Number of protein chains: 4
Amino acid sequence: MTDFFKGIAPLQFDPASSELAFRHYDADEVVLGKRMEDHLRFAAAWWHSFAWPGGDPFGGQTFERPWFGDTMDLARLKADVAFEMFDILNVPFFCWHDADIRPEGASFAESRRNFEEIVDYIIGKMEGSKTKLLWGTANLFSHRRFMAGAATNPDPDIFAWSAATVKSCLDATQKMGGQNYVLWGGREGYETLLNTDLKRERQQAGRFLQMVVEYKHKIGFKGAILVEPKPQEPSKHQYDFDVATVYGFLKEFGLEGEVQMNIEQGHAILAGHSFEHELALAASLGIFGSIDMNRNDYQSGWDTDQFPNNVPEVALTYYEVLKAGGFTTGGTNFDAKLRRQSLDPVDLIAGHAGAMDVCARGLKAAAAMLEDGTLEAMRAERYAGWDSAEAQAMLTGDLAGAAARVEAEGLDPQPRSGRQEILENIVNRFV
Amino acid sequence: MTDFFKGIAPLQFDPASSELAFRHYDADEVVLGKRMEDHLRFAAAWWHSFAWPGGDPFGGQTFERPWFGDTMDLARLKADVAFEMFDILNVPFFCWHDADIRPEGASFAESRRNFEEIVDYIIGKMEGSKTKLLWGTANLFSHRRFMAGAATNPDPDIFAWSAATVKSCLDATQKMGGQNYVLWGGREGYETLLNTDLKRERQQAGRFLQMVVEYKHKIGFKGAILVEPKPQEPSKHQYDFDVATVYGFLKEFGLEGEVQMNIEQGHAILAGHSFEHELALAASLGIFGSIDMNRNDYQSGWDTDQFPNNVPEVALTYYEVLKAGGFTTGGTNFDAKLRRQSLDPVDLIAGHAGAMDVCARGLKAAAAMLEDGTLEAMRAERYAGWDSAEAQAMLTGDLAGAAARVEAEGLDPQPRSGRQEILENIVNRFV
Amino acid sequence: MTDFFKGIAPLQFDPASSELAFRHYDADEVVLGKRMEDHLRFAAAWWHSFAWPGGDPFGGQTFERPWFGDTMDLARLKADVAFEMFDILNVPFFCWHDADIRPEGASFAESRRNFEEIVDYIIGKMEGSKTKLLWGTANLFSHRRFMAGAATNPDPDIFAWSAATVKSCLDATQKMGGQNYVLWGGREGYETLLNTDLKRERQQAGRFLQMVVEYKHKIGFKGAILVEPKPQEPSKHQYDFDVATVYGFLKEFGLEGEVQMNIEQGHAILAGHSFEHELALAASLGIFGSIDMNRNDYQSGWDTDQFPNNVPEVALTYYEVLKAGGFTTGGTNFDAKLRRQSLDPVDLIAGHAGAMDVCARGLKAAAAMLEDGTLEAMRAERYAGWDSAEAQAMLTGDLAGAAARVEAEGLDPQPRSGRQEILENIVNRFV
Amino acid sequence: MTDFFKGIAPLQFDPASSELAFRHYDADEVVLGKRMEDHLRFAAAWWHSFAWPGGDPFGGQTFERPWFGDTMDLARLKADVAFEMFDILNVPFFCWHDADIRPEGASFAESRRNFEEIVDYIIGKMEGSKTKLLWGTANLFSHRRFMAGAATNPDPDIFAWSAATVKSCLDATQKMGGQNYVLWGGREGYETLLNTDLKRERQQAGRFLQMVVEYKHKIGFKGAILVEPKPQEPSKHQYDFDVATVYGFLKEFGLEGEVQMNIEQGHAILAGHSFEHELALAASLGIFGSIDMNRNDYQSGWDTDQFPNNVPEVALTYYEVLKAGGFTTGGTNFDAKLRRQSLDPVDLIAGHAGAMDVCARGLKAAAAMLEDGTLEAMRAERYAGWDSAEAQAMLTGDLAGAAARVEAEGLDPQPRSGRQEILENIVNRFV
């Protein structure tokens, strides 16, 4: 037991508490026939919570964590503290990047050995904990070797390095019983078209993803392969811009039945979409997988990765999740980071706890909206005209047939109210 | 001959002129073995130049054109003036929306008859002119019946109306010898997800586009079907967000060999992309078709549709067009509109003439960059490592093979300079 | 009594109702010692609710109101319906633009006579109603004569026309017992710097505002003069960009004691600020006046003017209002417009009613946060170090003195947590 | 002589060269009666060119410079290389932050001693060089002690530390013969209003700036004090948002005669303005000082600090500079940074050289536009109506007088074309 969270006891559900506690998240409360924990499937993330030093483009490290440094001992200390936080928060899942859990070695082989050793150490920790692995992923963006891409690098040796890294990470994910494997391609894009062969790079990326899927099947990994879209930052343009872009990419490379989406609120915002848009679109295309529940500041043009705090927005998030059937292998991962001024251990706990409460309120509101049914009834009624045989026949007919009918029947269709304000009022009854 | 452009003679190529003339655009100048006119394939657009009254969300009509009104006589006057402008500008092409060339009738049938009559009138005008039809399109967004969508409307009768309208427009395009047919879906999207069945609407849109393609083949139309992406405005979200989105859509509905893109600079900007990105992406996906050459103001969050005026940017545009093999059926359409304060006939001519000069300079710079070859040589050199047999073999191998090689060979790939500043300096030699 | 709102009775406070009713807004409920109605001081606006036809840049009229048209009879009908809505909503205030309440005449004099006649008609209506005038304003942006500015126009005759119009409107505001007079300068800016003399135009705008203030005093108008900042749209740049810009402008022209701000959420967003930022800044500068409570869509780059619907955001709004001491002459005006698809009379009522409920919830949450006191206590504690005599002395000292102390005392100040997540959690206890 | 730039000779003016050379910048060429060097007054910046390791929010160091590290010897090596670059580029000026030229010490006193020693070393280097100091500035944002502000920090000891730092930097600037002193307040703002006392912080910032001005006069520093506006990043909101905001701030604290602006293109873009807007506004308010000539990517929502590369835009920049009378103490500083993939010494030279050429082309185009006179003549003509005695009299009159004239004279002012397209065409003759 480290003393990092000294004085902070595991959080309890206590609606009236003004101390550190869950005021809304009760893991065992049943919502729509399922425990809240099983709906939300919260995960905490290694990187922002334990590996990020607090820097931004104009300032360096603000956090002073006893585990910062490059030795295996410090990596183990970091893991110890991480599991203490998982216990305090009672989260059922966690997530990692390879580069965040092990020190970089002097060679690929040394990095791999470090990684395998720390993976075993974490597996040992998992044996004494309820917290499981939601997903693992490879950090193919921080080191300078990836500055011009990983799979999309002009240098095939970096493609090889990336392939080797994903192999290690997928092996480890399987060994740890992970339920998904995620790919985020922060450097899979470009800074300037002037030095970029867009077509070639997309082909490299497509083949790389096929290789990942092939390897998954080879080793018998049962989890889902998830791609996390983001439009830009760090790159000027990233190939996984948004859900619609990735869908086209999957179709191009024959992967639409193999790969699902890990969708982040902040990335949706940077792409010019609402979070619920990305969720609804992924669900409609059959590629919804998991979510990263960190918000972007609406006035900032970069990825702020803040803990969610707006219940009405989060209610719309879980409304889409529930309409999509809820999570299967996916979950609610906090890819959120503390503000760099939030220096204290208690801030780390409070950030997660507040977010979990916001998600719990959102989920309950979403469930209530679904149970109430008014929203879905009004939506269905709006399209009711399409249920007629005549309307369906038109879809199997041709332009000339439709045109003939318009004139023959003297059609003069009149617009009907879209009811947006009334629908928003209905939502507000539940949030 | 109307007197609208009284005193304005057809523009000549005269580099030293300070009067209305082309200082750079010489239709007959040969660039890369082809006349400039045949490269650029300029088109003028009916709507902004002749139908738009100058309104914006906070103000009404500013232009006072003698043809404004709803009679067939005024529609003919409008066509007369349009062809006078085409002659003054010596543009080889024009484009129309149905609603811009004919008065709305009291019924679909009356609108169609008005339309057919004015189409015949325009065909008569074309016989005395060099100007041909680049593309026709249907206005399925201005009338209140389309407020909730055309093909994606919750009301199937509006789908029918839209289908009938596109049939008329495609028939007319063929009759006029049009080289393409364009679809822009300004209302094919949503204002709020709360009243929208995203999946259903995308299915309607997909089937509609299939019906358009089927009808094209049925009537033997030889031109291209083009979709024009736009992310938003007027809708909060539009289904044809950008090139990547439309590509996925075409794949979903089996249309990727049938439909190409009409890409607009202003729409690219609203989607968070550079224009050259959209062009390069469309070319790499085999769906590049045509361009709308109107720019967006970089500080405005809506579609400003200004005439292009920045030669270095336009040079990068035509660099992508030339790399894509140049236009086949497509061309350079000015979907640009005069500023609403630019009241005079001479403004209309000057806006087009300046834009044509900017495009001519851009084309010549792009051709010079290609002929010089440095940019492409540097690009090719950057990816040269991929030409080795070993690199290509890796693409047909698997993750485990790549991983084995990384360790066996002790790979330690070193990053190389991306040369962005030097590449930008090279571009600046030509613009 | 018209039949426009046929079947819609005056709204009652009924928390359990699923019909049209206030679920949260109880005008008489006392919050922080004051009736809710007296806190919120709701106003309904003539323009979007009764004068706007539903157009957007890509589509025309969607609303079909029986009062649309240009006669005095229709203007009276519009006033009748407006007062019926005020009664249904039980709003204590309304607001107008001159151009929205009277038909444009063939000359200034005729427009003025129309205006004066309708003003008298409205005064008659007010006598039978509880609804008072919050503010009047002049529409100096819709008509084509204002396309290049009103006070900032290059044509001094348009300055004169604008001055005459404001005189009429200020006279009418006083006659109607209005509590404020507002100026919004949608055309006071530019489309391109190339044709603009920025310095001269700012001087014209400054002198114009001085003349308005002088005239206010001349006629003994006791209300406040309010300027409404907006950064852009319709203009590329507007001189009243945001609160900070207007403050500098007021200082330049000696008006900071005479003029206050009317701050709109949507305009704040377009300027890159949160609404609460603009409110807090205005309060800190002593120029806070009134608010327009219409939100912008966060993914749209233009003014969407939607009814507010997010309680946590609105709570932060009223938190700033309450901290500023609450409204004096100002109030909460809905400059919101129905979505153009919301065609029905019930939509108009529901839009306002839902917004009033959202504001009521926000106000009560804000009051509870203030009463609780934790937020303010934590804020005060963060700056407590500045209360020492030594710290205050430093502010009256010089750089050299401060430098001497740093070295003499060997200062090594350590950063303290900013507590952002904890503060956000505290807010979430109340919303 | 270090070997960092081995093989790179001082750049010559050689328009036909395809090697590293100036193709447009000829320091001695006379433009509008002044040498180009004296117009442009180029400065190179220490920080991005020599101190920045190449990191971004998702990746670490990419540059491997022999001087990276924390010793005085390395600081001297860095200075040696910097002056070698200044010689190669033949720039007349350079700029520094304190934290970029000296290693941080264990205490304020040690940092100050390091700083003073390296300042003396640089002074020694200046004696053998033509390159002078354009401005110095204090880095009050990188170290964690400044995470919550410098002058605006809740901790008065950090205010003291900041004051002491600025004293050192201003002393050093004077000692080195610097022509200006700059303040940029990247942390003078907030992350959340919830923990911020906006009013108090602005008072602290105002008093701090007064103290800087007082100290300047005390020590007899003859240079200008410059404030560099930026709206956000790293903070969510910064108090020096843009030129208009800073103007109001200067007025509030009585500093408008004492402080001028250092305006950066990238910061203007982030604030929603064009660069020329900020320049024209500062000039019109009498507070134009100097420029940072680094552009922002138009599709990125953060500060990209790229070397300028678009001649038409830069021409409009220098057009405003020339109209403002040109630089006095100010100049053209490159606060630009290499792309993090531009690893090689030659990239550093090429980045600057290309930018200097772009500026030279822009300056010459701007001068030609001024000499031609058409733009200014058309602007003057547009406002000519204001030159009449009647128009001027209106400005000294009142609303009632203006109103009386409108009716008495039956004014019906007609809008005139704003000529935007024609003006843009005229600009394009020169760029």
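So, how are helix 7 of chain A and helix 8 of chain A oriented to each other? Before I get there, a quick word on what we're looking at. This is a predicted model, where local features need pLDDT of at least 70 and side-chain atom pairs count only at pLDDT 80 or more, while totals for chains, interfaces and linings use all residues. Residues are numbered from 1 along each chain as its sequence is written, chains are lettered from A and ligands numbered from 1 in the order written, and side-chain values use heavy atoms, with hydrogens and water left out.

Okay, the helices. Helix 7 (residues 198–219) and helix 8 (residues 243–252) of chain A have axes that come within 10 Å and cross at roughly 75°. Those axes are lines fitted to C-alpha atoms, for helices over the stretch in contact, with angles running from 0 to 180 degrees between N-to-C directions. Helices here are DSSP runs of H or I with at least four residues, strands are E runs of at least two, and both are numbered from the N terminus. So helix 7 and helix 8 of chain A are roughly perpendicular, a label that covers 65 to 115 degrees.

Who makes the contact, meaning heavy atoms within 4.5 Å? From helix 7 of chain A it's Arg202(A), Gln203(A), Ala205(A), Gly206(A) and Leu209(A), and from helix 8 of chain A it's Phe249(A), Leu250(A) and Glu252(A). By class, that contact has four nonpolar, two polar and two charged residues. For the classes, Ala, Val, Leu, Ile, Met, Phe, Trp, Tyr, Cys and Pro are nonpolar, Asp, Glu, Lys and Arg are charged, and the others, Gly among them, are polar.

Now the symmetry. Chain A goes onto chain D by a rotation of 180° with 0.0 Å of shift along the axis, RMSD 0.0 Å, which is the relation of a two-fold axis. The superposition is least squares on C-alpha atoms of residues with pLDDT of at least 70 in both copies. In chain A, Gly301(A) comes closest to that axis, at 1.9 Å by C-alpha, and 100% of the contact residues of chain A recur in chain D.

Chain D also lands on chain C, with a turn of 180°, a shift of 0.0 Å and an RMSD of 0.0 Å. There, Gly248(D) is the chain D residue closest to the axis, at 1.8 Å.

Most residues other than glycine have a negative phi, and most peptide bonds are trans. Leu32(C), not a glycine, has a positive phi of about 50°, and it sits in the loop between strand 1 (30–31) and strand 2 (34–35) of chain C. The bond from Glu233(B) to Pro234(B) is cis, omega near 10°, with Pro234(B) in the loop between strand 8 (224–228) and strand 9 (237–238) of chain B. In chain D, the Glu233(D) to Pro234(D) bond is cis too, with omega near 10°.

Notes:
Contact means heavy atoms within 4.5 Å. Angles under 35 degrees count as roughly parallel, over 145 as roughly antiparallel, 65 to 115 as roughly perpendicular and the rest as oblique.
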